[in-house]
Amino acid sequence: MRLPSPRSLGRSMGRPKPSDVTSGLVTGLFSIPEGMAYASIAGFNPVAGLFSGVVPAIVGSLTARTVLMVTTLTSAIALTSQSVLSDAGLDPKDAGNVALLGVLSGVVMLLMGVLRLGVVLSFVSNAVMVGFSTGIALQIVVGVLKDATAYQPQGHNKLVQLGDWLVHAGSWEPAATLVAVATVAVWALAHAVRRLRTVALLVAMVAVSAGVAVLGTGVELVGGIADIPAALPHFTAPDWSQTRHLLGGALSIALVALAQAAGISPSVPNPDGSKSGVNGDFTAQGLANVTGALFQSLPVGGSLSRTGVAVSAGARTRWAGVFSGVWLALIVLALAPLAEHIPMPVIGGLIIVVGGELIVGKVPDVKLVLRTSKLSAAAMAVTFLGTTQLPLQQAIILGAVLSLLLYCVQASRQAKLAALDRTPDGRWELADAPAELPAGRVTVLAYGGVSLFAELPLIEADWPRAPAGPAVLVLVVRTVPDVPSSSMVKLLRRKHDELGAHGGRLIVAGAQPSFVRLAEHTGLAGVLGPDGVVPADPVLDASLEEAVSRGERWLAGERPAGD
């Protein structure tokens, strides 16, 4: 995977437009409450959440193939990172641990981009991603309930904690709860005004924080958790001694980040008409992680929400993402003391809004999966429960396994054998496979499937019985993938032997070059005979006609040399 050349990069960036400057400002401001909140709910220093929108956003915007993608901290990445560090018994507030995790995650992303493994994400089904995303949204909401109400819910998983929080509503602290409710209310009012919609979170944060400062409610402030330095992010060395403990977790973070970012390029096409590329975006996110981790950033990835804010605010070139990082750095330098006075219930209320929007946004997807199939619905439900009860790095692996199982089951259900009958005008038409092959004739069957071992019982059920006399079966395998399973090779051998026991034979037609090579390497070609494998021909039906001709000559007593 090549990075953009300086010349092509210059063309794709173009000149910054005024709308890119304003878009970068809005996106940078938006990163203050969202970045701090995501870091806070995952147990990280809120400052790391702020700085995750500086260097990564700049580097990611400079190198991504999806021009408008903003690379920064997301809720899923923050929670997965926290889960990885906790599972390894490491402190999430230790800067060396965080830097190492970011570097390792970036290296994994870089390798996936260089090796062009973007196709891997196509194996994660929509049903699994809906369950995972919905579970993440619930994690987001439950993770800030303490900040919003000053009551820490108890329980071994997020669903139990949510229930405990609701049951103990009488234990919510009135002042914190009132501030959180006011935050949601102000956001709703601002969001109702079209021109304020993209900055509604920022409006709510500023307005309610100012109100708390004036009224002096005594709720917990961001400054009580961490001091925000009025400085640019500084170099942080990774703690390399923990590499073996975090390497596996870095892979999980990379999968979560890349899965989230994969949906951005289809949703946000490049304004300059250039093509996006998943593998190029992998590489860009890897570079953003490696460089950002060395400058106080948490692991990051392409953010759909932050990209949406940038686009809504007028982003037109890569400069919008670059400006978002620059503006955020300048804001931190100039307004750090003010940021320390943001009440934690305000952040709690804002994140409840963000999580609620994510859940509401997934409702149509949930309905679609439920209407699609019971199997897809079950996969979605299992992934959702796994996300709420397991460490996220385990949940994403569970989702990947479920996706593969779902694919195997659905693929095996599609397998079938259909007869091809010649019409009076010489054409071929589909028909049901006969229960028994007619003796003394050539029968053509078309195989539809992927040669997966799990589908063979269905193929066996459709396969006609061998007759008492000689018969030839031509099996069309043009659609079989490059590498058929060994189980399929054994099935073809067995069926040839069954026909041979009655003086008949099996001929394979439409074999792709890779299938021909495999047949020769496994000995299948020798079993079928000198003319038992007819290679695919560029002209449709040409190999079928040749196979039928060979079968008719066989029944007529003509035998190929060496048979």
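Setting aside residues up to four places away in sequence, isoleucine 32 touches Leu50, Met205, Leu328, Ile331 and Ile342, where contact means heavy atoms within 4.5 Å. Apart from the core of 80 residues described below lies another core, of 28 residues, which includes Tyr447, Leu506, Val516 and Leu528. The model is predicted, so that local features need pLDDT of at least 70 and side-chain atom pairs count only at pLDDT 80 or more, while totals for chains, interfaces and linings use all residues. Residues are numbered from 1 along each chain as its sequence is written, and side-chain values use heavy atoms, with hydrogens and water left out.

Valine 476 lies in strand E6, residues 472-476; strands are DSSP runs of at least two residues, numbered from the N terminus. Valine 476 is buried, with a relative accessible area of 16%, buried being under 20% relative accessible area with a 1.4 Å probe and protein chains only. Beyond its neighbours within four places in sequence, valine 476 is in contact with Leu420, Val444, Leu445, Ala446, Tyr447, Ala509 and Leu544.

Strand E3 (residues 416-422) and strand E4 (residues 428-432) run antiparallel and are joined by 5 bridges, pairing being assigned if DSSP finds at least two bridges between two strands. Alanine 419 stands opposite alanine 431 in E4, and in the hairpin of E3 and E4, with 5 residues between the strands, glycine 426 takes a positive phi near 90 degrees.

Methods
Helices (H or I, at least four residues) and strands (E, at least two) are DSSP runs, numbered from the N terminus. Buried means under 20% relative accessible area, exposed over 50%, partly exposed in between (1.4 Å probe, protein chains only). A nonpolar core is a set of buried Ala, Val, Leu, Ile, Met, Phe, Trp, Tyr and Cys residues joined through side-chain atoms within 4.5 Å.
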